[in-house]
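Here is a short briefing on one protein chain. Keep the sequence and the 3D view open as you read.

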Amino acid sequence: MNNNTFQKQNKEYLIKEVWETAKDLQYQIQSEEDEEKQWLIQNSTNLVVTELIKEMTALMLHVLDAIGRFEPVNGITISKQFGISRGSISKITRKLVEKEIIIMETLPDNKKEILFRTTPLGKEICKLHLDLHQQIDSGINRFLQQYTEDELGTTLKVLKDVLNTSWINPMTSEEKNTHSQEEVKTNERGALETGRVNHSYSVVEEMNEIMEMLNKLESRNLKKVKTILKEIFFSDYNE
């Protein structure tokens with residue numbers, strides 16, 4: 001077996017491994033929300049708050065977090081923050097009001113605009129949620145300190161490429177460079193205004209897109225990506 005053949009086979013093997021890790025990552029993210037909720041329950045010292053958290057969905061927690069950070073805030077701002085419909089925000093905030101986690105108020109000169117604020121119970125849940133994310137951030141920061149700038153740079157490039165790539169209509173680097181920036185801005189504005197996110201991407205299409213990107217990396221960078229992704233997303237940062 002010559003060197004070129006060996007390198008090609010090694011790269012194909014690494015691409016497959018990174019692909020499998022990416023699929024595992026998808027399942028990990030789906031289960032992560034349950035883990036966060038369990039942490040909140042275990043670290044709450046208020047029985048009323050504990051019971052409320054048990055009844056809340058992950059999205060309810062994130063909407064509450066947005067209200068706590070931006071209060072007083074209206075539904076439009078929250079919708080833009082999460083890229084989901086105003087109708088969904090309306091349903092979630094209504095449930096939060098019913099549970100006395102937030103309150104609604106109107107402006108003296110504009111009775112039609114409804115603003116949301118957290119109640120003392122809401123503030124307590126927000127504080128607990130903040131503590132959780134500070135612990136996660138601290139753990140991730142300590143963990144990443146072990147990697148070199150080159151390794152972190154490679155991983156950052158791959159993650160940014162993933163974020164900036166359409167899974168349905170992948171483009172080459174040259175095509176991306178010629179893509180109109182104004183069109184991108186228009187699409188972003190449209191998504192924020194309508195509050196809708198396209199959830200039609202299939203796993204197969206996503207994986208094919210990832211495979212195309214990974215094929216462009218050298219073997220040594222693929223090894224870095226695989227190692228860092230595994231340890232970042234499948235390690236316990238609570239220690």
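The protein chain holds 11 helices and three strands. Of its 239 residues, 31% are buried.

**Overall build**

- Read from the N terminus, the order of elements is α-α-α-β-α-α-β-β-α-α-α-α-α-α.
- Take the contacts in the protein chain with a separation of 6 or more: 74% of them join residues 24 or more positions apart.
- The protein chain exposes about 15400 Å². Carbon and sulfur atoms supply 52% of that area.

**Helices H2 and H6**

- Helix H2 covers residues 47–55, and helix H6 covers residues 120–144.
- The axes of H2 and H6 lie 10 Å apart, and the two helices pack at an angle of about 75°.
- An angle from 65 to 115 degrees counts as roughly perpendicular, so H2 and H6 are roughly perpendicular to each other.
- On the H2 side, the contact uses Val 48, Val 49, Leu 52 and Ile 53. On the H6 side, Leu 121, Glu 124, Ile 125 and Leu 128 meet them.
- By class, the contact of H2 with H6 has seven nonpolar residues, one charged residue and no polar ones.

**Helices H3 and H5**

- Helix H3 spans residues 58–70, and helix H5 spans 86–98.
- How do the axes of H3 and H5 cross? They cross at roughly 85° and come within 10 Å.
- H3 and H5 are therefore roughly perpendicular to each other.
- H3 brings Leu 59, Met 60, Val 63, Leu 64 and Ile 67 to the contact. H5 brings Ile 89, Ile 92, Thr 93, Lys 95 and Leu 96.
- The residues of the contact of H3 with H5 divide into eight nonpolar, one polar and one charged.

**Val 63: buried or exposed?**

- Val 63 sits in helix H3.
- Val 63 is buried, because its relative accessible area is 0% and buried means under 20%.
- Beyond its neighbours within four places in sequence, Val 63 is in contact with Ile 78, Phe 82, Ile 89, Ile 92, Thr 93 and Leu 96.
- Val 63 and Phe 82 are 19 residues apart along the chain. Their C-alpha atoms are separated by 8.2 Å.

**Lys 99: a loop residue**

- Lys 99 lies in the loop between helix H5 and strand S2, which covers 102–107.
- With a relative accessible area of 27%, Lys 99 is partly exposed.
- Which residues does Lys 99 contact, leaving aside its neighbours within four places in sequence? They are Leu 52, Glu 55 and Met 60.
- Leu 52 also belongs to the contact of H2 with H6, and Met 60 belongs to the contact of H3 with H5.
- The C-alpha atoms of Lys 99 and Gly 122 are separated by 9.6 Å. These two residues are 23 residues apart along the chain.

**Confidence in the model**

- The protein chain averages a pLDDT of 78, and 67% of the residues score at least 70.
- Among the elements, H2 has the highest mean pLDDT, at 94.
- Helix H9, residues 181–194, has the lowest mean pLDDT, at 50.
- Over residues 191–201, pLDDT stays under 50. For this stretch the model has 16 contacts beyond four places in sequence.
- Where pLDDT is low, predicted coordinates should not be read in detail.

Methods:
Residues are numbered from 1 along each chain as its sequence is written. This is a predicted model: local features need pLDDT of at least 70, side-chain atom pairs count only at pLDDT 80 or more; totals for chains, interfaces and linings use all residues. Side-chain values use heavy atoms; hydrogens and water are left out. Helices (H or I, at least four residues) and strands (E, at least two) are DSSP runs, numbered from the N terminus. Buried means under 20% relative accessible area, exposed over 50%, partly exposed in between (1.4 Å probe, protein chains only). Contact means heavy atoms within 4.5 Å. Accessible areas come from the Shrake-Rupley method with a 1.4 Å probe; for residues, only the protein chains shown count as cover. Axes are lines fitted to C-alpha atoms, for helices over the stretch in contact, and angles run from 0 to 180 degrees between N-to-C directions. Angles under 35 degrees count as roughly parallel, over 145 as roughly antiparallel, 65 to 115 as roughly perpendicular and the rest as oblique. Ala, Val, Leu, Ile, Met, Phe, Trp, Tyr, Cys and Pro count as nonpolar, Asp, Glu, Lys and Arg as charged, and the others, Gly among them, as polar. pLDDT is the predictor's confidence in each residue, from 0 to 100.
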